[in-house]
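Let's take a walk through this one together.

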Amino acid sequence: MKHAFSLRFASFALVLATGACSKDPDTYPSLGLRPVEKLGFAEPEVKAAVAAPDPALDKDIAAISGKLDAVTTGFTRDAAKAEALARSARGAAVGSDAWITAQTALAGLDDWRAQSSSLVSDIEALATDRAAKLQPEYPALATIRAKAQAETDRQSATISRIQSSMPAA
């Protein structure tokens, strides 16, 4: 008897469950795309914000550009001297006057590189300040940063090349 009750209950539950699927027994739910599925999974297109002109920042960029030009000129001039001194120190012993003079010239080049590296840091600080204020990227700032970084990289390569041409300590 218990078995007959559970069989009736299961039949009744099945009728209720299948009846809930559709009010009309001849209509079935659509297997087509729902409106939300037609949107796709691609990220929405985000319009880039355009930076408004900033005269104060333009003034800072001009000052940094002037300093970078001075550092580039000074480094190039001193690098030519350091290369000549390094050539004369190639056959000299470590600790000789020629070797010490060439090493001193290399130290001067390191100073120029430190100055250009400092300019890169200053530029990055300006960019970070803008980002902290949720301001868009400033194209002139990005341009001067790339120029300063390229100059710092060039200086590092020149110093390494000159250093490797001399006897190691």
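**Starting from a serine**

Ser116 sits in helix H3. Helices here are DSSP runs of H or I with at least four residues, strands are E runs of at least two, and both are numbered from the N terminus. Before going further, a word on the source: this is a predicted model, where local features need pLDDT of at least 70 and side-chain atom pairs count only at pLDDT 80 or more, while totals for chains, interfaces and linings use all residues. Residues are numbered from 1 along each chain as its sequence is written, and side-chain values use heavy atoms, with hydrogens and water left out.

Is Ser116 buried or exposed? Ser116 counts as buried because its relative accessibility is 0%; the cut-offs are under 20% relative accessible area for buried, over 50% for exposed and partly exposed in between, with a 1.4 Å probe and protein chains only. Leaving aside residues up to four places away in sequence, Ser116 touches Val71, Thr152 and Gln155, where a contact means heavy atoms within 4.5 Å.

Now zoom out. Of its 169 residues, 21% count as buried. Take the contacts between residues at least 6 apart in sequence: 83% of them join residues at least 24 apart.

How do the helices sit against each other? Two packed helices are described by the angle between their axes and the distance between the axes. Here the axes are lines fitted to C-alpha atoms, for helices over the stretch in contact, and the angles run from 0 to 180 degrees between N-to-C directions. H2 and H3 pack at about 160° with their axes 9 Å apart, and are therefore roughly antiparallel. That label is for angles over 145 degrees; under 35 is roughly parallel, 65 to 115 roughly perpendicular, and the rest oblique. H3 and H4 also cross at roughly 160°, their axes coming within 9 Å, which makes H3 roughly antiparallel to H4. For H2 and H4 the angle is about 10° and the axes are 11 Å apart, so these two are roughly parallel. The H2/H3 crossing is left-handed, meaning that the near helix is turned anticlockwise from the far one by less than a right angle (clockwise would be right-handed). H3 and H4 cross left-handed too, and so do H2 and H4.

Next, the inside. The largest nonpolar core has 27 residues, and Leu109, Leu141 and Ile144 have the most contacts inside it. Such a core is a set of buried Ala, Val, Leu, Ile, Met, Phe, Trp, Tyr and Cys residues joined through side-chain atoms within 4.5 Å. Helices H2 (55-89), H3 (97-132) and H4 (139-164) each give two or more residues to this core, with H2 giving the most, at 10. Beyond four places in sequence, Leu141 touches Leu57, Ile61, Ile123, Leu126, Ala127 and Arg130.

Finally, two residues of H2. Asp78 is in this helix, and its side chain makes a polar contact of 2.6 Å with that of Trp112. A polar contact is a pair of N or O atoms within 3.5 Å; within protein, one must be able to donate a hydrogen and the other to accept it, and residues adjacent in sequence count only if both atoms are side-chain atoms. Lys81, also in H2, counts as partly exposed because its relative accessibility is 48%. Lys81 and Ala105 are 24 residues apart in sequence, with 7.5 Å between their C-alpha atoms.
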